[in-house]
Amino acid sequence: MARHLFGGSPADYAAEKVGNQLLLRPDAEGTVWDSLTGGTQITDLTDTTGAPITTVTADTDGAVTFYGPDGVTSVYTDFGYGRRYVMAATDTGAALAAFIAEGGAPGGWAVLDGSGKVDPAQLTKQLDWAVATDAAYGATGNGTTDDTAALQAAVNAAAAAQKTLYIPKGTYIVSTPISIPAGEGMAIVGSGWGTSIKLKNSSNCYVFAMTAADTRITMRDMTIDGNCTGQGTTGSSGGINAAGAVASCFDNIHFTACRDDALYLGGQTGGAFGHNNRVIGCLFDQSMSSTGPGRGIHMDSSDENQILACDFEYLGGAGTNPAMVYDQAGTQFISDCNFVNGAHDVIGVKVQDTKSTKITGCNFDGLAGTAIFLAAQRCVVTSCTIFSVGHAGTAGAASGIHLEYATAGNIVSDNVITSDPTNGVSRTAIREASDGGSGGNIISENQIITTGTWSYAALDLSGKNSQVLGNVGGGRTGNQTTFINVKDYGAVGDGTTDDTAAIQAALNAVPANGATVLIPTATFKITSPLTASITGTELIGLGHASRILFDGSVATTAIQASGNIRLFVRDMRISQTNASHVGTAVDISNCNGAVVERLLIDAGGSGVAPLVGVKLNAATCHYNTVRECRINYGGTASAGVYLSGGSHSNIVQGCRLVPSGDDAASSGIYVGNAHSITLIHPDVENAAGNGIWLDTGADSATILNAYSEQNNINLKISSGVTAPTVIGGTYQTGTTANVQDNGALSAFILNAWPNSGGGNSYSRISLAGADKFSINGIQVPANMLMASDLGFAAFNYDPANTSNTTLTVSGTLYLARVTLRYATTISKLAVAIATAASGVTANQNFLALIDSTGTIRAATAAGAIDTALASSGLLNQAVVTPYAAPAGTYWVAFLNVATTPATLGRSSGLSLTIANGGLTASNYRFATNGSGLTALPGSITPGSNSLTNAFTMWAGVS
């Protein structure tokens with residue numbers, strides 16, 4: 001701002017009023033003020049030469065001329081004659097003319113052209129913006145010129161000045177990332193989506209990249225084109241790598257065709273998180289042809305970000321973890337966004353291994369994969385609409401909302417989820433896994449609409465302690481969830497009134513596709529079995545205060561199923577009131593995929609425990625689970641859990657079996673004529689009978705980490721049981737035996753603790769008639785020959801099977817593979833000589849042990865087998881240095897150099913291709929590796945193994 005000139009007009013003189021006359025006062029000195037009266041004296045003045053003055057002096061004619069302060073156009077002068085006179089600057093006309101001349105000129109004030117637009121060249125002065133196309137930077141935006149350097153120069157200048165960089169309409173090609181300097185204060189603005197910054201072919205990088213330091217920036221109104229089909233597969237490629245972004249804003253940006261991540265929000269150097277960024281009104285699309293994951297937004301070590309009113313369409317490349325929004329940091333806000341279509345089973349929002357992300361008010365329409373995937377804790381999903389689940393992806397694979405591994409403490413409520421119109425395309429509306437501690441979620445008030453059938457079920461919920469309430473339109477197998485309280489059907493719950501009819505009426509009211517029947521907190525007496533006949537029926541209590549009393553002599557079963565259904569019985573107490581051990585608490589023999597969990601089964605009143613706690617006793621009874629129950633049982637041949645009748649593939653997990661009044665024929669868990677049963681961490685103590693009994697027909701049973709203590713027999717296995725597996729657990733202080741095997745076939749026990757003294761000794765263990773029995777991975781006496789029976793640590797087959805012979809070729813290295821199942825020290829190597837060699841060349845004959853990498857680990861001394869080659873029989877020769885061999889595969893190598901080499905024993909010969917079982921050369925059982933040799937090589941290359949002159953040579957190690 002410049003000083004203005006005062007004086008030079010007819011009014012600008014020093015004067016005094018005398019009478020009715022104004023008299024000029026040459027050489028008068030006056031002061032300058034900012035108001036007519038009072039005010040402040042102005043002393044920031046200069047004379048006409050620019051010299052500073054504080055007062056003004058008239059010339060010899062009385063004229064006054066001076067320059068005022070910057071920008072001041074009027075002042076008041078006082079020459080001491082009793083009043084002040086106003087003075088106006090005399091150069092304002094020239095200044096106005098100069099300003100008018102700047103109108104519409106580059107750098108001048110804005111003038112609209114004939115089309116109503118403003119020349120971008122005028123914006124610099126008007127808005128204090130840098131313009132990328134200015135000559136100082138030189139960006140062209142012509143779609144062919146590489147504008148990387150020009151844009152970088154413009155960004156650097158704008159960042160240094162903390163101002164806005166304007167990029168006019170055009171297509172700007174970049175080949176390396178435009179680096180955004182750390183700090184705050186700058187913005188990058190386009191003219192709308194017509195401003196396109198496009199990645200050059202084969203650049204394999206981001207268009208923009210921050211430095212991973214604290215960076216605060218605004219970017220808006222442009223297109224960022226990742227040109228994914230023009231990129232390779234190396235490096236990381238995409239739109240903006242915003243590592244280190246803090247409180248940045250990305251607004252109205254069209255991110256298109258990005259190979260890996262369109263927008264990556266990452267952490268800062270040193271480990272600090274990025275945070276509090278806003279992504280508003282952006283479009284992410286067209287990455288389905290990407291070789292990378294083709295994601296929209298990826299947040300890793302960047303939390304508390306807001307993603308608002310964005311559109312994600314046609315995303316998902318062929319790379320790992322395709323997701324439109326991928327959150328690995330948590331505490332995000334994802335709201336009012338739209339997700340459409342996609343490829344490669346792309347997920348809409350994936351929240352992985354984190355917590356506290358909120359997904360609200362979003363729309364998911366016909367995605368290829370699951371709409372919302374949570375492997376996270378304490379997240380909220382609410383008020384979303386999900387249409388045509390899995391429409392564009394693999395049929396039967398996608399769910400509307402999937403709570404996966406270790407998903408706990410989440411809220412999923414008030415969402416509307418609709419299946420795809422085509423039957424079987426959508427798997428599940430809401431899916432909740434049970435693994436990794438999943439559970440404790442609230443899944444409520446969701447509206448589920450079935451237009452085409454679900455391939456699995458509308459609801460698939462198996463998390464522990466989750467609350468599932470008020471969902472409408474999605475029973476466990478399809479279309480209808482109803483919440484039924486037995487008291488609404490007349491049940492009293494006073495422990496005396498017979499509530500059988502009322503509860504049965506509630507069960508009969510379950511619609512065709514399932515419902516939840518509530519046993520509230522009260523005690524309900526029944527006098528005949530309660531029968532569920534609809535798949536998807538949930539009979540649930542509110543804990544052990546929800547109690548059912550039954551007399552096992554009157555109601556022989558408290559709860560049962562009919563019709564081979566899926567039944568869920570949870571969270572209640574079932575008590576037997578008869579003074580004798582009679583009846584069964586829960587019978588799921590007619591179930592497929594049922595779950596019985598968190599029950600207390602015991603005695604009630606003056607009664608005793610039932611004869612059977614839970615029964616699974618039919619050939620159609622399979623894939624059921626009994627878990628986390630405490631089951632009291634007793635009586636003759638009683639059982640806490642009874643599995644028989646050809647049932648199979650059932651699981652008993654985490655149950656405590658409590659005997660009282662049982663006998664020697666009783667069992668905490670009885671398995672007989674039931675195969676492929678899995679028992680996980682059962683606990684049985686102080687039984688007069690068996691802790692666990694695998695009876696005839698309990699084939700392929702698996703017992704994991706059982707605790708069976710102070711029972712008559714802690715683990716009993718009957719004769720003929722095939723392939724039982726026992727891994728881990730404790731079997732101790734049994735009265736008769738800890739583990740009693742009466743003739744199992746191919747039994748296997750690993751790392752169990754079978755006595756009170758610890759270790760791996762098996763006190764009080766019976767192996768009568770066992771066919772094959774393994775302890776800690778090692779076979780113990782069995783009806784088959786083992787290498788140790790003949791004094792070997794291992795051989796490749798029974799030497800009795802060396803029914804043929806082969807004449808070896810002098811100087812050829814022969815290989816035969818043996819397998820060590822456990823670590824041992826090898827001191828001798830053996831082959832079978834059928835016909836002696838003649839003309840043996842001294843010191844050129846060897847046996848060697850070679851490991852799977854081709855390294856020679858042990859060998860006989862030079863000349864050590866020369867004499868033995870001259871006679872037939874077993875050649876079993878000591879090596880020079882015994883080798884402490886880890887478990888694994890090895891070759892026994894044989895080399896003889898003779899006029900007539902030895903003939904060795906072999907098995908009968910089909911082709912070597914068959915004998916080698918289709919293995920590759922580096923893993924051949926029988927091979928050669930080298931010819932014309934006179935000594936062992938330093939090592940061999942297994943990949944060079946050959947079948948030339950090879951045969952099924954017998955070999956052993958000890």
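A search of the whole structure, which is a predicted model, finds 17 salt bridges, a salt bridge being a side-chain nitrogen of Lys or Arg within 4 Å of a carboxyl oxygen of Asp or Glu. Local features need pLDDT of at least 70 and side-chain atom pairs count only at pLDDT 80 or more, whereas totals for chains, interfaces and linings use all residues. Residues are numbered from 1 along each chain as its sequence is written, and side-chain values use heavy atoms, with hydrogens and water left out.

One of the salt bridges joins Arg3 to Asp44, with the closest N and O atoms 2.7 Å apart. Arg3 lies in strand S1 (residues 3–7) and Asp44 in the loop between strand S5 (41–42) and strand S6 (45–46), so the pair ties together parts that are 41 residues apart in sequence. Strands (E, at least two residues) and helices (H or I, at least four) are DSSP runs, numbered from the N terminus. Arg3 counts as partly exposed at 25% relative accessibility, and Asp44 counts as partly exposed at 41%. Here buried means under 20% relative accessible area, exposed over 50%, and partly exposed in between (1.4 Å probe, protein chains only).

A salt bridge is also formed between the side chains of Glu538 and Arg570, at 2.9 Å from N to O. This pair links distant parts of the chain, with Glu538 in strand S53 and Arg570 in strand S56 (residues 567–576), 32 residues apart. Both residues, Glu538 and Arg570, are buried. They belong to a network of salt bridges that also links Asp571, Glu597, Arg598 and Arg627.

In the salt bridge between Asp683 and Arg656, the closest N and O atoms are 3.8 Å apart. Asp683 is in strand S67 (residues 683–685) and Arg656 in strand S64 (residues 656–662), so parts 27 residues apart in sequence are tied together by the pair. Asp683 counts as buried at 19% relative accessibility, while Arg656 is partly exposed, with a relative accessible area of 25%.

In helix H4 (residues 500–508), the buried residues are Thr500, Ala502, Ile503, Gln504, Ala506 and Leu507. These residues pack against several strands, including S49 (494–498), S50 (515–519), S51 (522–526) and S53 (537–541).

Thr164 is found in strand S14 (residues 164–167) and is buried, with a relative accessible area of 16%. Leaving aside neighbours within four places in sequence, Thr164 is in contact (heavy atoms within 4.5 Å) with Asp128, Trp129, Ala130, Ala158, Ala187 and Val189.
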